[in-house]
Amino acid sequence: MDDTPKNNTQYISNQNSNPSITGGLFENLLSVEPIFNNKELLRHSFTPDTLPHRDSQIQTLASILVAALRGDTPSNILIYGKTGTGKTASVNFVTRELEQTSTHYDIPCDVKFINCEVVDTKYRILAELANTFIDKNIEYILKQISKLEVSLTNSPNTFPTNDQQLQLEEISKLKDDLKSFTKVPMTGWPTDTVYSTLVKAVDYRERVVVIILDEIDKLVEKSGDDILYNLSRMNSDLDRSRVSIKGISNDLTFTDYLDPRVKSSLGEEEIIFPPYDAHQLNDILQNRATIAFKEGVLAPGVIRMCSGFAAREHGDARRALDLLRTAGELAERSGGSEVTTDYVEAAQEKIELDRVIEVIRTLPDQSKFVLFTILVLTTKDVSHITTGEVYNLYRQLCKNQELDVLTHRRVTDLISELDMLGIVNAIVVSKGRYGRTKQITLSVPQAHVEKELLSNQRNQRLFAGLEDISIIFQSQF
Ligand SMILES: Nc1ncnc2c1ncn2[C@@H]1O[C@H](COP(=O)(O)OP(=O)(O)OP(=O)(O)O)[C@@H](O)[C@H]1O
Ligand SMILES: [Mg+2]
């Protein structure tokens, strides 16, 4: 295990015998005994070598992908599961093994991973795929040329033999091939041309290509299913190679929006990743903690508490790891040498606050205003906040701020969006013969909402003059 930080610390404390070098600001911080062995191992980007409680999903994936190593086309797969259930980590793990095995046995099999949250349009996906395979082809061609050239220069003959003549011709053909590949610019070409460039690049060699489309639901939401239609039909345009697609989604209903042909082609196989329970999260954290923390720094009950909190959310391993890492960071920052359950509680609070801040920060102004109205009513301790009450106060406040007043219907929709984002909880209640309404409560601590809405400079213009909620009460109620 890498213990460089500790060695550095020791080195620096030895040097510290000469106090005139600096004011000692960093030396003091560095001399604190570190809590982490390697914090990076708790980050999302790290794929561990073992993934407890995902054996069956990993086995199923491998048993489908093994076809690629036999030169056959693996079935397309759709992988579903809520956030943090190990979908991306398991797929990365399996494809890493697949690539290693194919390299070992020299079987032509390529894996391309695309995060559709980042690469999110038909053009960009086709371009990224085309450029990847152009790069791979160039690399392959250069390797072939260099092999042939080495064999020619090592030859003892002064005059080319027939064989060598053929090798020279092969080199010249490869050089022509090299010239025939032009990279696709990130904008500007007709999409059909990008697609045919991709087909040509992939089909340059006999191979099986596995394309992973992570967050595929976000792609469909943003750009429709056109690109999936192209990719799922691509094999009919290929002669030498074969393409297999793996889509990963945390929305189980996203296929409802797909063309039925695309749906049946992509979903030849389906793998579900269920949420983890507290025991499973405990095992996952235990494994990670052993390598990420110094021995003996975690107080009893810390891992159990992180697992419990994350299981209560929805069995999210990312949340559990975040809690453990943040608890460690908080302990480290306060100079402690042990991570106690108090730090886990503080971490839970911090993560929740960060989430709320992030969600509120990205809300459109009108949604912020609706949320502000709900906050005012909550502060006033209105026992049953209904949509009608929110709307009445919202309207008055909007007029006060000279803001456009949206319709009742639209405000109801914004409340539903806030509910989906986990900021408020809106349940439908019957009001007998007066119909139905929504009863609204904040589903995050009031102080968090207040902090982001009122103390954030960007919101100052929006809520100018309304900062002191108690004054609004006096004037409005
Ligand atoms: N069984 C497991 N063992 C060890 N670590 C795990 C396991 N499952 C998930 N993790 C870790 O939890 C974090 C989240 O996992 P991952 O990114 O695979 O979730 P996901 O299902 O893809 O979620 P999302 O839908 O939000 O993308 C990662 O850091 C991953 O390494
Ligand atoms: Mg993922």
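Q: Is Lys136 buried, partly exposed or exposed in this predicted model?
A: In this predicted model, the relative accessibility of Lys136 is 25%. Buried residues lie under 20% and exposed ones over 50%. Lys136 therefore counts as partly exposed.

Q: Which residue forms a salt bridge with Lys136?
A: The closest N and O atoms of the pair are 3.7 Å apart, and the criterion is a separation within 4 Å. The pair links distant parts of the chain, with Lys136 in helix H5 (residues 122-153) and its partner in strand S2 (residues 109-115), 26 residues apart. The partner is Asp110.

Q: Is Asp110 buried or exposed?
A: The relative accessibility of Asp110 is 14%. The limit for a buried residue is under 20%. Asp110 therefore counts as buried.

Q: Which arginine meets Asp110 in a salt bridge, and where is this arginine placed?
A: The N to O distance in this salt bridge is 3.2 Å.

Q: What is the relative accessible area of Arg319, which meets Glu313 in a salt bridge?
A: The side chains of Glu313 and Arg319 come to 3.3 Å, N to O. Glu313 counts as partly exposed, at 37% relative accessibility. Arg319 is buried, with a relative accessible area of 10%.

Q: Which residues are linked with Lys39 in a network of salt bridges, and how many salt bridges are counted?
A: Side chains of opposite charge can pair when their charged atoms come close. The network links Lys39 with Asp322, Arg325, Glu329 and Glu332. By the rule of a side-chain nitrogen within 4 Å of a carboxyl oxygen, the count of salt bridges is 25.

Q: What is the nearest side chain of opposite charge to Asp217?
A: Asp217 is placed in helix H8 (residues 216-223). Leaving out residues up to four places away in sequence, Asp217 touches Ile248, Ser249, Asn250, Asp251 and Phe254. Asp217 is buried yet has no salt bridge, and at 4.6 Å the nearest side chain of opposite charge is Lys218.

Q: What separates the C-alpha atoms of Val243 and Thr73?
A: Val243 is found in strand S4 (residues 242-249) and counts as buried, at 4% relative accessibility. Beyond four places in sequence, the residues that Val243 touches include Thr73, Val202 and Ile211. Val243 and Thr73 are 170 residues apart along the chain, and their C-alpha atoms are separated by 6.8 Å.

Q: How far apart are the centres of the positive and negative side chains?
A: The protein chain exposes about 25,200 Å², of which carbon and sulfur atoms supply 49%. There are 53 positive and 67 negative side chains. The centres of the two sets lie 4 Å apart.

Technical notes
Residues numbered from 1 in each chain as written. Chains lettered and ligands numbered in written order. Predicted model: local features only at pLDDT ≥ 70, side-chain atom pairs only at ≥ 80, totals over all residues. Heavy atoms only, no water. Areas by Shrake-Rupley, 256 points an atom, 1.4 Å probe, with all protein chains shown as cover. Lys, Arg positive; Asp, Glu negative; His and termini not counted. Charge placed at Lys NZ, Arg CZ, Asp CG, Glu CD. Helix = DSSP H or I, 4+ residues; strand = E, 2+ residues; numbered from the N terminus. Buried < 20%, exposed > 50% of the residue type's maximum accessible area, 1.4 Å probe, protein only. Contact = heavy atoms within 4.5 Å.
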